[in-house]
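Q: Please take a close look at one part of the structure shown below, and keep the cut-off behind each term in view.

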Amino acid sequence: MNDSPTASPAPSAPPVHAAPRADVDAYTARVNADIARFLRAQEDVVGAISGRATELVLSIQGLVRGGKRLRPQFAYWGFVGAGGDPDSDVIVRAGAALELFQAAALIHDDVIDRSDTRRGQPSVHRRFEAIHAARGWHRDGRHFGEAAAILAGDLCLSYSEQLFGSIQPVPPAARAVFDAMRTQVMAGQFLDVLEEAAGPSDGPAGAVERARTVLRYKSAKYSTENPMLLGGALAGAAPELLRAYSRFALPLGEAFQLRDDVLGVFGDPAETGKPAGDDLREGKRTELVAHALRLADPDDRGFIERRLGADDLTDAEVVRMCDALRGCGALEETEASIRGLSDRAFSALAELPVDGDVLRAVRALGVAAVTRRA
């Protein structure tokens, strides 16, 4: 008889789900096909109202042909990592819904920011403005373009919900993620508009914190965290796994958006599809700008406060502003934040209880997100 004390059982590790046949390229092709089929059908629906109104759907089609399908890919790996069938139609439909939500956000964001281009093409409101000019219509073409784009964005948002609602049954946890995502983006977008409107009146104190709040809710959460949570919830992921997804995906999303902010000022137009210094012309009070307001000397700080987003901002002033952002250390601070957030994300990724193939795929996707040039 063994008289030694009985050892306590070791805590069991979280289950690791296998990822058979996971093929993100095939998945992305299926998402593209689903979006194309859906929008073709909507052409007929809208065309039955009036052939003239189909231009709304055509503008959405033109926008969604581009893009990296980043959000569907994070949803896919969240789904597969939680044991979902890679061949399931559910995650395809969810990916299509995410892309149409993204398109709606871009259409409205471009109107708000008065952006001329998107993905190297005219933004949707500029597209409608050009139609107005080409056909010699009456009254203000710019107003028509903005009004039509708002309606196209609203329609696209409706389509996103229509696609997501076609998943039956939708697990309550997945519905909660999808609903929260929409509220977060709208609130974050409003805070972005508010920050620009308040301008210098709020002062540099707290500017970095305010910019990070905008970044988190306007973009970061819906770019990486919410798609991954949505995929996991659709596969029935346990709360512990969803929390682990968040520990990885939220800092990654923040690093991703900070990279976008850097590209919005210093990116190559040939790669980004937007003019150099575009964010400065639009007056975006990003974290990059917030660091400059904290670090720049009084002359440069005053210049940035006076001229950021000015309607008559010149190319020479854009160059001066870029030089100030570099010279005062704002760019360096932002790059340091990207590195720190990326390190947090990838440390958390290493602890995810998912299949090794999923880990490798998500790591590659994350690296591409924070090191991209467009």
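Salt bridges and the pockets

A: Glu 335 and Arg 259 are joined by a salt bridge (Lys or Arg side-chain nitrogen within 4 Å of an Asp or Glu carboxyl oxygen), with their closest N and O atoms 2.8 Å apart. Because Glu 335 sits in helix H15 (residues 330-350) and Arg 259 in helix H9, this pair ties together parts that are 76 residues apart in sequence; helices here are DSSP runs of H or I of at least four residues, numbered from the N terminus. The model is predicted, with local features requiring pLDDT of at least 70 and side-chain atom pairs pLDDT 80 or more, while totals for chains, interfaces and linings use all residues. Numbering starts from 1 along each chain, and side-chain values rest on heavy atoms, without hydrogens or water.

The two partners differ in burial (buried is under 20% relative accessible area, exposed over 50%, partly exposed in between, 1.4 Å probe, protein chains only): Glu 335 is partly exposed, with a relative accessible area of 21%, whereas Arg 259 is buried, with 12%. The structure holds 34 salt bridges.

Another of these bridges joins Asp 315 to Arg 281, where the closest N and O atoms are 2.5 Å apart. Asp 315 belongs to helix H14 (residues 315-327) and Arg 281 to helix H11, so this pair ties together parts that are 34 residues apart in sequence. Asp 315 counts as exposed because its relative accessibility is 54%, and Arg 281, at 27% relative accessibility, counts as partly exposed.

A further salt bridge is formed between the side chains of Glu 282 and Lys 284, at 3.6 Å from N to O, and both Glu 282 and Lys 284 are buried. Salt bridges with shared partners join Glu 282 and Lys 284 with Asp 113 and Asp 279 into one network.

The largest pocket, in turn, is lined by 45 residues, with Leu 106, Arg 118, Gln 257, Asp 260 and Arg 372 nearest its centre. Helix H4 gives the most to that lining, with seven residues, and the helices that each supply at least two residues include H9 (239-266) and H11 (278-282).

Conventions
1 Å grid on protein atoms, 1.4 Å probe; cavity = no way out; pocket = protein on both sides within 12 Å on 5 of 7 lines; lining within 4 Å.
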